[in-house]
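Please keep the sequence and the structure at hand while reading.

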Amino acid sequence: MVARYERIAAELRDDIHAGVHPVGSQLPSEAELAARYDAARGTVRQAVAVLVAEGLVGSRQGARRIVLGRSRSQSFAELHSFAQWARANGYRYGGQVITQRRRAASPAEAARLGSAQILEVLRLRTLEDEPVLVERTVYASWIAPAVEALPADCESVSAALYASVGLVCAYGEHLIDAVSAGAQDARLLGVRRGSPLLRQRRTTTTHEGKPVEWSEDRYRAGSVAFSIRNSIGANPLTREAGDLHFGA
């Protein structure tokens, strides 16, 4: 038997796709939806949470739910940067460097990147003019000068590095889990401290296997979803203790 909140979510989903709730508009309030569907507000809240998880609606902390229009689903079938994915799906996107510095690599960073010195960059990413992603990236010393030469508001680091030095990140390894927002993440993403964030940690290399970067990306809940397509013969997803491990 289909749960009541799932039926409400299905009707709202159909309305969004039909344009009853246009992209960029606000969904009715919980009280209005509860009255419309003759349901408890908790049931309505569950239904809206389904649409948030699907990427159909989103909101800033303390704001009404905004219709985003379609699911923001990023596949691991191919290695794409955030900007490449956003551009391919017709989203407005942006980036801004918050801090950037050269420093000595930690033992773990040195092992991953083969560099005694690294460039550490903290970058905030936006989607449809909303902050959705905090990137903490460390770059190997050989690519650091090219990264430092980029403007602070560079929209696509991957495209800019390809244009300037011909860099192609060919291989990636991803670790996905959930974490709580610390003070800095909460401030940058406009959420409460302790809010759940989707964390992606990745290492990328060139075609020759030369390490380029190690990054920890933290997505605001409800901003994107990740999709995986596999089969019984080829499965890129493996389970590890405490983490989901993706090879791409």
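Predicted model: local features only at pLDDT ≥ 70, side-chain atom pairs only at ≥ 80, totals over all residues.

Arg 103 belongs to strand S4, which covers residues 93-104.

Leaving aside residues up to four places away in sequence, Arg 103 touches Glu 109, Ala 116, Gln 117, Ile 118, Glu 120 and Val 138. With one of these, Glu 120, the side chain of Arg 103 makes a polar contact through the side chain of the glutamate, at 3.0 Å.

## Glu 120 and Arg 101

The side chain of Glu 120 also meets that of Arg 101, in a salt bridge with an N to O distance of 2.8 Å. This pair links distant parts of the chain, since Arg 101 is in strand S4 and Glu 120 in strand S5 (residues 117-127), 19 residues apart. Arg 101 is partly exposed, its relative accessible area being 46%, and Glu 120 is likewise classed as partly exposed, at 24% relative accessibility.

Arg 123 and Glu 135 form a salt bridge in which the closest N and O atoms are 3.3 Å apart. Here too the pair links distant parts of the chain, with Arg 123 in strand S5 and Glu 135 in strand S6 (residues 130-140), twelve residues apart.

## From strand S6 to helix H8

A further salt bridge is formed by Arg 136 and Asp 185, whose closest N and O atoms lie 2.8 Å apart. Because Arg 136 lies in strand S6 and Asp 185 in helix H8 (residues 183-189), the pair ties together parts of the chain that are 49 residues apart in sequence. Arg 136 is partly exposed, with a relative accessible area of 25%, whereas Asp 185, at 2% relative accessibility, counts as buried.

The structure as a whole holds 18 salt bridges, among them the bridge between Arg 136 and Asp 185.

Definitions and conventions
Residues numbered from 1 in each chain as written. Heavy atoms only, no water. Helix = DSSP H or I, 4+ residues; strand = E, 2+ residues; numbered from the N terminus. Polar contact = N/O pair within 3.5 Å; in protein donor to acceptor, adjacent residues only side chain to side chain. Contact = heavy atoms within 4.5 Å. Salt bridge = Lys/Arg side-chain N within 4 Å of Asp/Glu carboxyl O. Buried < 20%, exposed > 50% of the residue type's maximum accessible area, 1.4 Å probe, protein only.
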